[in-house]
Amino acid sequence: MHDGSGPDAGRRLRDPRYDILFEPVRIGPVTAKNRFYQVPHCNGGGYRDPSAAAEMRRVKSEGGWGVIFTEQVEIHHSSEITPFIELRIWDDDDLPGLAKMSDAIHSHGALAGIELAYSGANGPNLYTREVPLAPSHTPILTFTSDPVQARAMDKEDIRNLRHWHKLAYRRAKRAGYDILCLYGAHGFGVIQHFLSPRTNQRTDEYGGSLENRSRLLKELISDARDEVGDSCAIAVRLSLDELAGEAGFSNAQLRDLVAMHSELPDLWDFAHGTWEACSGTSRFKPEGAQEDLIRGLRQLTPRPVVGVGRFTSADMMVRQVKQGLMDFIGAARPSIADPFLPRKIDEGRIEDIRECIGCNICVSGDMTMSLSRCTQNSSFMEEWRKGWHPEHIRPKQSDTRVLVVGAGPAGLSAAHKAGLRGYEVALAEAGGELGGRVTRESRLPGLSAWARVRDYRQGQILRMANVSVYRDSALTDEDILGFGFEHVAIATGARWRRDGVARFNLLPVPMAPAMPVFTPDDIMSGHLPSGRVVIYDDDHYYMGSVLAELLVQAGRQVVFLTPSTRVAEWSFNTLEQGAIQARLLDAGVDVRITRGLGSVESDGVTAMCTYTGRREAIACEGLVMVTARLPEDGLYLALKAREAEWGAHGLRTVRVIGDANAPAAIAWATYAGHRYAEELDAAPLGDALPFRREVAHIRN
Ligand code: ADP
Ligand code: SF4
């Protein structure tokens, strides 16, 4: 407890209710300074961008986490998950990168954890071309359905597997890690494949009974203790339920396992069954969704227990600990959205917490093998590349004033970050409320948490003396020239198209004027079609399916038409696709896939098979176009056209940002606003890259 004196003088006091979260907890030979445990999470950078990943974790150390983990680290080249980019500890060449990360984690007193993975039936080995090894002969079980099978391990393979783990343990210790965690959750990792009767069909002492199926786990942990157990804690990450009924590794079996081996690891880390279930979006999973599955496990073991649940509420965290559900508050996404979450609770700054909105854009970075972005924390993975920081920003370099037009996510971010730099900022919004698309979309079914994008920024801005907010202020180019600001950011957003143009149709679709055509903007403004409605989705993210839900709730009969092979195809990258399609089917939506929009008649639409071109008439009384958007850039273009007049009005720069520049997902808009503020008064880069990167060291 801080008493307001000494080195902490001047900072606000922690609410004593949260003291329990700051108790040290022992994990085998090491002790975590508090209960905030950043569980392993991918970031799309991994071995390709080691310094970017290390710096991201350093910022979390600064933010007060007690334990910080790497993403999954492949222990041996005979099991790797190309094309996904994680970390590797294949030989000593991997150690400098891993050591850089552990140093970064240690920088502010966190324990460094490394998640060791042997993917087995999940590793297609597309890069190393080794034959995958698994408990039994199984196809490779991953997102990409590669035409590869794993070979059932024989006893020699198992001896080798133990040897490879020993090499990894020693290297992990040399690289500076305090906690070694064996990965056996989410259906990934050979440990889970041995534990599950679905993937372990062996008839020897490693298959059959639970005791046999857990033999490998027991051996691997015993080996780890022999190798490094004097100084490193040994943990295991397991699924709470494989979600395959009693045929799989069920929650009941997990309870039997923990009871059977209660003192085996130094810590039990529990995640949900599949990654999709564990990292469910807020549209499908509330905070703390795994409570029923974890309840009672801690009572089966004297070892500390970690659980997750997209926890952003300090009160919820305290309840999890006090009710004996877990010793450590595990967090991946909440730590991405706000790396300073523990410190803000510690300093009594609850209102400063940037809460995760549960959108899984971060996950999409891993799924697309790019660098992860975060909708809420636009610094994520830019800490090293661009020197951005989630809390600090370099002070202003001139006394110029900034006008931001439009208070959607781009405008709010630009105003917030420019305000943090100390500029005099005016934020003008045409409407009566702030938030732009985030405010509108957060009223759609399942998206209420998205309002946090607005709430955080609005809360910060309204407390900044140098940022003024003007509502009901639709500005014209004339207004702007008259104001005399030196810098203007145009963040006026975008509107949905009505003419059917997106990917399948790059040109407008022939349309009978009698058919009532609606856009998502119409529906968000409360104008709904009546009767039987076709939703044409050539956008492929969330909007089409969310509107389908809304229209079903409003009593409409809905046909969902899409050129894709799946509903909301891109949401595969946010781990939601299966849940979205199931929800529409359960709601009675008539789903028609692989159908493009051919033409629109007065009494229906003509759909076209995307493979054969075969046409099919679908009767409807209204059509909702979820297609492309057009930037609302009229104001920007009008100002650009008057560039010759800028000097006379003191205007120096006009930039268009966010959806008004090029429409994209919300994370792109918060990033664009942040970038705008970072680049104010920055020296021109010329032909230099606007970010740092690491290029592979060339060997002869
Ligand atoms: P982004 O995602 O790029 O932030 P949004 O569509 O969410 O874009 O937000 C744009 C905001 O700009 C909306 O709230 C809209 O009301 C506002 N806006 C549009 N034109 C003007 C204007 N001329 N003056 C002030 N605000 C405007
Ligand atoms: Fe949360 Fe979305 Fe950020 Fe991921 S991208 S941490 S889900 S706000």
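Where is the place of Gly673? Gly673 is in helix 23, residues 666-679; helices (H or I, at least four residues) and strands (E, at least two) are DSSP runs, numbered from the N terminus.

Before going on, some ground rules. This is a predicted model, with local features needing pLDDT of at least 70, side-chain atom pairs counting only at pLDDT 80 or more, and totals for chains, interfaces and linings using all residues. Residues are numbered from 1 along each chain as its sequence is written, chains are lettered from A and ligands numbered from 1 in the order in which they are written, and side-chain values use heavy atoms, leaving out hydrogens and water.

Gly673 counts as buried because its relative accessibility is 0%. Ala172, found in helix 3 (residues 155-174), is also at 0% and counts as buried. Buried here means under 20% relative accessible area, with exposed over 50% and partly exposed in between (1.4 Å probe, protein chains only). The table lists their contacts, leaving aside residues up to four places away in sequence; contact means heavy atoms within 4.5 Å.

| Residue | Contacts | C-alpha to C-alpha distance |
|---|---|---|
| Gly673 | Ala410, Ser413, Ala414, Ile657 | 14 Å to Arg373 |
| Ala172 | Ile89, Ile114, Tyr177, Leu180 | 52 Å to Leu506 |

In sequence, Gly673 and Arg373 are 300 residues apart, while Ala172 and Leu506 are 334 residues apart.

**Helix 20**

Helix 20 runs over residues 577-586, and its Gln577, Ile580, Gln581 and Leu584 are buried. They sit on the same side of helix 20 because they cover an arc of only 95 degrees around the axis, taken from the directions from the helix axis to the C-beta atoms. An α-helix has 3.6 residues a turn, so residues three or four places apart point the same way. The buried residues of helix 20 pack against helix 19 (543-553), strand 22 (557-561) and strand 23 (590-592). After helix 20 comes Gly588, with a positive phi near 85 degrees.

**Around ligand 2**

There are 14 residues around ligand 2, and Cys356, Cys359, Asn360, Cys362 and Cys374 come nearest; a residue belongs here if one of its heavy atoms lies within 4 Å of the molecule. That shell divides into eight nonpolar, four polar and two charged residues. Ala, Val, Leu, Ile, Met, Phe, Trp, Tyr, Cys and Pro count as nonpolar, Asp, Glu, Lys and Arg as charged, and the others, Gly among them, as polar. Helix 11 (333-337) and helix 13 (361-367) each supply at least two shell residues, and helix 11 gives the most, with three.
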